[in-house]
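Subject: Structure handover

Hello,

Here is the structure I promised to pass on. Please open it before reading the notes below.

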Amino acid sequence: MMSLISPLDAPKKTNITTNLPQDTVDDGSIITITCEALGNPPPSYKFFINGKPIQDKIFERSGILTITAIGFKQRGIYSCRPENDRGTGPISEVAIYVRCK
C-alpha cells in the first residue's frame, strides 16, 4: 500500500469544517471550527478572520478553534493555513454569519 505523504512533506489538502448545520448562527452561539491537512511532520495551524490573524497557541497545535459566545462583530470569513518545517499548505475558508437576537 502506498502512502499519500512522502517521508517529509509540506501540508496539503487543507479542509476546514464547522459544527454548524448552516452558515448563519444566533448571537451568543458556541461554534467550533476545525482545520485539517496532510503533512509530515504534522502541521500546526494559523487561523484568520477576514484576513486578520487570530493568535492562540492551543488551536495552533490542535487545529480546533472554539468560540464560546460568538457576537455580531465576529461574523465573517474564517480561514486556516497549515504549516510545518517543510512549508505552508493551501488556505481553506468558511463563512460564518451572525443573526442578532
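Predicted model: local features only at pLDDT ≥ 70, side-chain atom pairs only at ≥ 80, totals over all residues.

**Around V25**

Is V25 buried or exposed? Its relative accessible area is 6%, so V25 is buried, the limit for that label being under 20%. Which residues does V25 touch, once neighbours within four places in sequence are set aside? The contacts are L20, I31, I70, I96, Y97, V98 and R99. V25 and C100 are 75 residues apart in sequence, yet their C-alpha atoms are 8.9 Å apart in space.

**Salt bridges**

How many salt bridges does a search of the whole structure find? The search finds 3.

Start with R99 and D26. Their side chains form a salt bridge, with N and O 2.8 Å apart. This pair links distant parts of the chain: R99 belongs to strand β9 (residues 92–99), D26 to strand β2, and 73 residues separate them. R99 has a relative accessibility of 39%, so R99 counts as partly exposed. D26 is partly exposed as well, at 34%. R99 is also one of the residues in contact with V25.

Next come D9 and K12. Their side chains meet in a salt bridge at 2.7 Å, N to O. D9 counts as buried, because its relative accessibility is 16% and the limit is under 20%. K12 is partly exposed, with a relative accessible area of 31%.

Then there is E83 with R81. The closest N and O atoms in this salt bridge are 3.4 Å apart. R81 is partly exposed, with a relative accessible area of 24%.

**The sheet**

Now turn to the strands. Three of them make an open sheet in the order β1-β3-β6, and the pairing is antiparallel. Which strands stand at the edges? They are β1 (9–18) and β6 (64–67). Each has a single partner strand, so one side of each is left without a neighbour in the sheet. From one strand to the next, the twist averages 15°.

Best wishes

Note on methods:
Residues numbered from 1 in each chain as written. Heavy atoms only, no water. Buried < 20%, exposed > 50% of the residue type's maximum accessible area, 1.4 Å probe, protein only. Contact = heavy atoms within 4.5 Å. Salt bridge = Lys/Arg side-chain N within 4 Å of Asp/Glu carboxyl O. Helix = DSSP H or I, 4+ residues; strand = E, 2+ residues; numbered from the N terminus. Pairing = 2+ DSSP bridges. Axes fitted to C-alpha atoms, helices over the stretch in contact; angles between N-to-C directions.
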